Number of protein chains: 2
Amino acid sequence: MKKEVQELIRQSSLFREVNPDIFDKVLETCVARSVEEDGFFFMQGDPATHAYVLVEGRVKMIQITPSGQQITMRIMTPGQTYGGIAMLNPRAGYPATAQAVEDSIAMAWDTSHLRELAGKDPSISLNTMQLMHGYISELQDRQQALVTERVEQRIARVLLKLAAQSGKRTDEGVLIDLPLTRQDVAEMSGTTLFTVSRTLNEWERSGLLKIGRERVVICSPHGLVSIADDLAER
Amino acid sequence: MKKEVQELIRQSSLFREVNPDIFDKVLETCVARSVEEDGFFFMQGDPATHAYVLVEGRVKMIQITPSGQQITMRIMTPGQTYGGIAMLNPRAGYPATAQAVEDSIAMAWDTSHLRELAGKDPSISLNTMQLMHGYISELQDRQQALVTERVEQRIARVLLKLAAQSGKRTDEGVLIDLPLTRQDVAEMSGTTLFTVSRTLNEWERSGLLKIGRERVVICSPHGLVSIADDLAER
DNA sequence: GTTTGTCTTTGCGCTGGCGCAAGGAGGGAT
DNA sequence: ATCCCTCCTTGCGCCAGCGCAAAGACAAAC
């Protein structure tokens, strides 16, 4: 295994600060898994047998409603953990589907190994709880946003968050370094692709950002922030 | 401490299946706390120093948005755990406010005791994770509902959930045994008290339920379910 | 170069649900 | 009995955002 990969795992939210001896075990017990663009690591409802740390690529977590509508929960970047629920109970189903947005590689640990490791080093349990806690806060924030904020604000937030985790400085501004369709943004902000399209175009007209096919460059992060926080004049 | 209270704690989601020896310690290290109607156990943002198991009364978890709007996350009944986040990190703030809906009594454990106990019996950590997991599912469901469902469905869901956890059979139907204002329902379903009022009245007219001041009796749970699942003709 | 498929824009109509204001109604307290 | 406070209802106006349809733009494949 490459040094960088080891380093990524060592700093992942699942295994950070694990005792070095145990960490060797961690490295021994994992399995690499690669999935190509649009492929799936697992589907919502599958038995939660493995936890993953993303090593390369981008993976999105999505949910499908009974009526077939899709909502995108989050987009993972290398170093992030998903499927951590496997820690708990292999019979439990994954709560969401993990789909690769680009060709991706992840390391995987199965439930039995995880539990064994957690028994040897309690910080793994603590890390998992920390992870879950972070996830809970995120969900709460989103829920709050959905109830209280208007669509415009929510779209602004989504873009800012994406920029924070996948942003890339360019001379035009901050490029969101992902193939990102209007539909994707709509799913993340809880609206429709039409509204997203209209909103982004309006923002482009006022110079806040530049858009292209599956491409967004944020020119004025400040402007977006003030929309997200509802400081903008209407 | 009364036997019933001990039993309640033994079966609480936080301490279930804890080793009997350790459980004695659990009982020793807790503190009772009572809060009268409308009082607070803790406020959002306070350092998370204690985890609670509700023993008597009803407690609601609420969040306040920056703009002052309130949203109600859930209503706890005796035996349920809240503030479990204290397990993790006493410096972290509580993510929500815990307010007594009626005069209430809860047992409390502080972070240091919790961690000590968790060190002695790993099932406490597992329970906490299980707890968090349940919470995550709940949040995800709600989020899904908020994005994809119409107000009517969401109100129906809220009522059904309340009935499930605080329902009481009467000759008229299932009474939701809580002082429940239209405002409360609105906060739980992410809408306004006006819309709730209108909707409930419409349902009363069609015989699905009976309403009074701070009072709801569900006459036809089936009818509500079919609205919640959108099987109803519009 | 042309085709094909996916992604995007835009116009138009529509409506669910919000906001507000004004009034009603129950239930404690004094 | 009366007052007061909180909770509830209802009418009316309004608009943000959705749904759909049709057409345009881009990229990749052939």
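Predicted model: local features only at pLDDT ≥ 70, side-chain atom pairs only at ≥ 80, totals over all residues.
Modeller: Two strands count as a pair if DSSP finds at least two bridges between them.

Colleague: Okay, how many bridges join strand E4 (residues 59-64) of chain B to E5(B), and which way do the two run?

Modeller: Six bridges join them, and the two strands run antiparallel.

Colleague: How many of the seven residues of E5(B) are buried?

Modeller: The test is a relative accessible area under 20%. In strand E5 (residues 70-76) of chain B, six of the seven residues pass, so the strand is largely enclosed by the rest of the structure.

Colleague: What does Ser125(A) touch, leaving out residues up to four places away in sequence?

Modeller: Met87(A) and Ala118(A), plus Met129(B) from the other chain letter. For a sense of distance, take Asp229(A): 104 residues from Ser125(A) in sequence, and 36 Å away in space, C-alpha to C-alpha.

Colleague: On to the DNA. How many residues surround DNA strand C, and which are the closest?

Modeller: A residue makes the list if one of its heavy atoms lies within 4 Å of the strand. For DNA strand C, 18 residues do, the closest being Arg182(A), Ser197(A), Glu214(A), Thr191(B) and Thr195(B). Now turn to the DNA side: of the atoms of DNA strand C that come within 4 Å of the protein, sugar and phosphate account for 60%.

Colleague: Which side chains have an N or O atom by a base oxygen of DNA strand C?

Modeller: Arg198(A) is one of them, at 3.2 Å. Arg213(A) is another, with 3.0 Å between its side-chain N or O atom and a base oxygen.

Colleague: Which helix gives the most to the surface near DNA strand C?

Modeller: H7(A), with five residues. Helix H7 (193-205) of chain A and helix H7 (193-205) of chain B each supply at least two. By residue class, the surface near DNA strand C divides into four nonpolar, six polar and eight charged.

Colleague: Where does the largest share of the surface near DNA strand D come from?

Modeller: From H7(B), with five residues. DNA strand D is surrounded by 18 residues, with Val151(A), Thr191(A), Thr195(A), Arg182(B) and Ser197(B) closest. The classes near DNA strand D are four nonpolar, six polar and eight charged.

Colleague: What share of the DNA strand D atoms within 4 Å of the protein belongs to sugar or phosphate?

Modeller: 65%, and the rest belong to bases. On the phosphate side, a polar side-chain atom of Thr191(A) lies 2.8 Å from a phosphate oxygen of DNA strand D, and one of Thr195(A) lies 2.2 Å from a phosphate oxygen. On the base side, Arg213(A) has a side-chain N or O atom 3.5 Å from a base oxygen of DNA strand D.

Note on methods. Residues numbered from 1 in each chain as written. Chains lettered and ligands numbered in written order. Heavy atoms only, no water. Contact = heavy atoms within 4.5 Å. Polar contact = N/O pair within 3.5 Å; in protein donor to acceptor, adjacent residues only side chain to side chain. Helix = DSSP H or I, 4+ residues; strand = E, 2+ residues; numbered from the N terminus. Nonpolar A, V, L, I, M, F, W, Y, C, P; charged D, E, K, R; others polar. Buried < 20%, exposed > 50% of the residue type's maximum accessible area, 1.4 Å probe, protein only.
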